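Have a look at the structure first, then read on.

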Amino acid sequence: MIDIQTISAEQTLAIRQQVLWPEHDQAFCRVAEDEQGEHYGAYLNGELIMVASLFVKQTSIRLRKFACLPQHQGKGYGSYMLNYLVEQQKGRPLTKFWFDARCSAISFYQGLGFLVTSEAFDKHGVAYVKMAKNLK
């Protein structure tokens, strides 16, 4: 299986850009709060194949820039990593794990117990919804 490790925000940029916004440069893929985030990378045979960033605000934690290289999608790695990230929140005073999900990925997240919590909205020409799971 994959090996999940904490990484720096800088280490997330190449995969964020390649998977999420290939038509933009890496600077576009930065998050203003990156320095305050918790960043994770999934390694397969020593290669970084997936990244995710978490941001705590009050009693909720937000997932941002969750991206897996295309050649490794559909193999269960994303489910494994997302379940790992949710599990890591146990014992913390957090009540909700949430994110903006591309509409094309709704069924993936629903299969992991996340619920759609908003109407669809547009981000840079891509349709998204908010999704969440209660932690308590």
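1. Start with the lining of the largest pocket: by class, it has 17 nonpolar, 8 polar and 8 charged residues. Keep in mind that this is a predicted model.

2. That pocket holds about 780 Å³ of space. Its lining counts 33 residues, and the closest to the pocket centre are Leu20, Phe66, Ala67, Arg102 and Tyr109. If you want to trace the lining by element, α1 (9–20), β4 (60–68), α2 (77–87), β5 (96–102) and α3 (106–110) each give two or more residues. Of these, β4 gives the most, with 7 residues.

3. Now for the second largest pocket, with about 220 Å³ of space. Its lining is made of Glu33, Gln36, Phe55, Val56, Lys57, Gln58, Ser60, Arg62, Arg64 and Trp98. Here β3 (47–57) and β4 are the elements that give two or more residues. By class you get 3 nonpolar, 3 polar and 4 charged residues.

4. Stepping back to the whole chain, you'll find 3 helices and 8 strands. Read from the N terminus, the order is β-α-β-β-β-α-β-α-β-β-β. The radius of gyration is 14 Å, close to the 14 Å that the globule rule gives for 136 residues, so the chain is as compact as a globular protein of that length. Along the principal axes, its C-alpha atoms fill a box of roughly 35 × 35 × 30 Å.

5. What share of the 136 residues is buried? The figure is 46%.

Technical notes:
Residues are numbered from 1 along each chain as its sequence is written. This is a predicted model: local features need pLDDT of at least 70, side-chain atom pairs count only at pLDDT 80 or more; totals for chains, interfaces and linings use all residues. Side-chain values use heavy atoms; hydrogens and water are left out. On a 1 Å grid over the protein atoms alone, a cavity is a set of points where a 1.4 Å probe fits but cannot get out, and a pocket is an open set with protein on both sides within 12 Å along at least five of seven lines; lining residues have an atom within 4 Å of a point. Grid points are joined across faces, edges and corners, and a volume is the space filled by probe spheres set on the points. Helices (H or I, at least four residues) and strands (E, at least two) are DSSP runs, numbered from the N terminus. Ala, Val, Leu, Ile, Met, Phe, Trp, Tyr, Cys and Pro count as nonpolar, Asp, Glu, Lys and Arg as charged, and the others, Gly among them, as polar. The radius of gyration is taken over C-alpha atoms; the globule rule is 2.2 Å times the number of residues to the power 0.38. Buried means under 20% relative accessible area, exposed over 50%, partly exposed in between (1.4 Å probe, protein chains only).
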